[in-house]
Amino acid sequence: MMLSAARSFSALALRRARFPTQVTRYAPGQLAPLARRAVASPLCAASEAAATGAATPAGGDQKAPYPPLKVTAPGRVVALGDVHGDIGQARRALTIAGVLGDGGDAVNPEWTGGNTVVVQVGDVLDRGDDEIAILILLQKLHKQAEAQGGAVYILNGNHEVLNVSGDFRYVTQGAFQESARFGEHLVNLFGSAFKEAFGGGEEDPRKRQVKARVGLFSPGGPLAQQLAMNSTVLIVNDTVFAHGGLMPRHVEFGLERLNNAVADWMRGAEMVSEEDRTALGMAIGSVKDSVVWNRTFGTENFVTDSDRDRACEVLGNTLDAISEKYGTAKRLVVGHTPQLGGCNGECDGRIWRIDVGMSFGVVGADPEVIEIDGDEVRVLNSRVPAKQASKL
């Protein structure tokens, strides 16, 4: 599977990628060459899906280098929470969602979702051993989904941000080994010129693994640029998705500016202007209300009714602001904060919390997803999978 996925990077794209050992810098807003070359990747939401009626950026350029803010889904929408490197649990969740069939295998998965749009709300990375394998799985499913009018979108979460920042404190030994193997495949495919960038010159296995991860995930590296194609905020029809949460100030500043700033940073652009730095701080900064770190709406059981009322009021103001600026927004879907009781909604269904801690690197809970079909939101799990949900 690694070998097949590695071929998705064109030889020219990889040769132009910027690694930590190369100090090339790009002007604010200028894209690193790999990102420009990789817009045709099935992970890029701004792909050529309109021709088949697939979910496409609303009113946007299909070749735009930035990830989309708003897309239209022709059918049902499925939201999948944090998977944290656990491919077994990720596959179970996708099966429950009715989009992963049993006719495929680990190398060639079978998409069975038709024109379903899947949104994975971030935190594919960390705490588990199979992070890159999950990214490859979702990429392959997206390619098949597009042909049927659907799509698979991945958001950037705080753990994607940590890894691009070089913070590997939550990376498992198995994930370091996976990084080294993937780096070796890229070197085998595209030449020994990248051997040093991916730790190939290191005799010590641990140093080689860490160096490979740095080469892959540092801003401008191949996997950082793949992550740059993912949105930080995504609106699908009338549902808003963000890893942690959104506040009115984010909307006022401009959600598309947040998406673009994260993409530029991951692609290796120099963030020098005050506007760029402000956007990046709002999106991924370590402040408690940034998009990827926000837990304002993640509390499963509020201590007091007044705490709940305050959170619901902020949520209402946020959705109202989004509705005024970007079109009707009926609900916000978030991950980030594990919900021990499973997926749940609050504030009259205007917030849905879908991180159930399914990864065995977290709590190993039974996978659950939510299905949005028009105005109806349903929780799907092993007891109520997608095939039965419509009969309830």
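Predicted model: local features only at pLDDT ≥ 70, side-chain atom pairs only at ≥ 80, totals over all residues.

In what order do the five strands of the open sheet run? They run S5-S4-S3-S11-S12, with mixed pairing, where two strands pair if DSSP finds at least two bridges between them. Residues are numbered from 1 along each chain as its sequence is written, and side-chain values use heavy atoms, with hydrogens and water left out.

The edges of the sheet are strand S5 (151–154) and strand S12 (376–380), each of which pairs on one side only, and from one strand to the next the twist averages 20°. Strand S3 (residues 77–80) and strand S4 (residues 117–120) pair in the parallel sense over four bridges, and valine 77 has valine 117 in S4 as its bridge partner. Helix H5 packs on this sheet and touches S4 and S5, its direction making about 145° with that of S5; contact here means heavy atoms within 4.5 Å, and angles run from 0 to 180 degrees between N-to-C directions, with axes fitted to C-alpha atoms, for helices over the stretch in contact. Helices (H or I, at least four residues) and strands (E, at least two) are DSSP runs, numbered from the N terminus.

Turning to the helices, the axes of H5 (residues 131–147) and H7 (residues 173–190) come within 8 Å and cross at roughly 60°. That makes H5 oblique to H7, given that angles under 35 degrees count as roughly parallel, over 145 as roughly antiparallel, 65 to 115 as roughly perpendicular and the rest as oblique. On the H5 side the contact involves Glu131, Ile132 and Ala133, which meet Ala175, Glu178, Ser179 and Phe182 in H7.

Finally, a search of the whole structure finds one aromatic pair. The ring centres of phenylalanine 168 and phenylalanine 176 lie 6.1 Å apart with the planes at 85°, so the pair is edge-to-face; rings of Phe, Tyr and Trp (its six-membered ring) pair if their centres lie within 6.5 Å, and planes under 30 degrees apart count as stacked, over 60 as edge-to-face and the rest as tilted. Phenylalanine 168 is buried at a relative accessible area of 15%, and phenylalanine 176 also counts as buried, at 4%, where buried means under 20% relative accessible area, exposed over 50% and partly exposed in between (1.4 Å probe, protein chains only).
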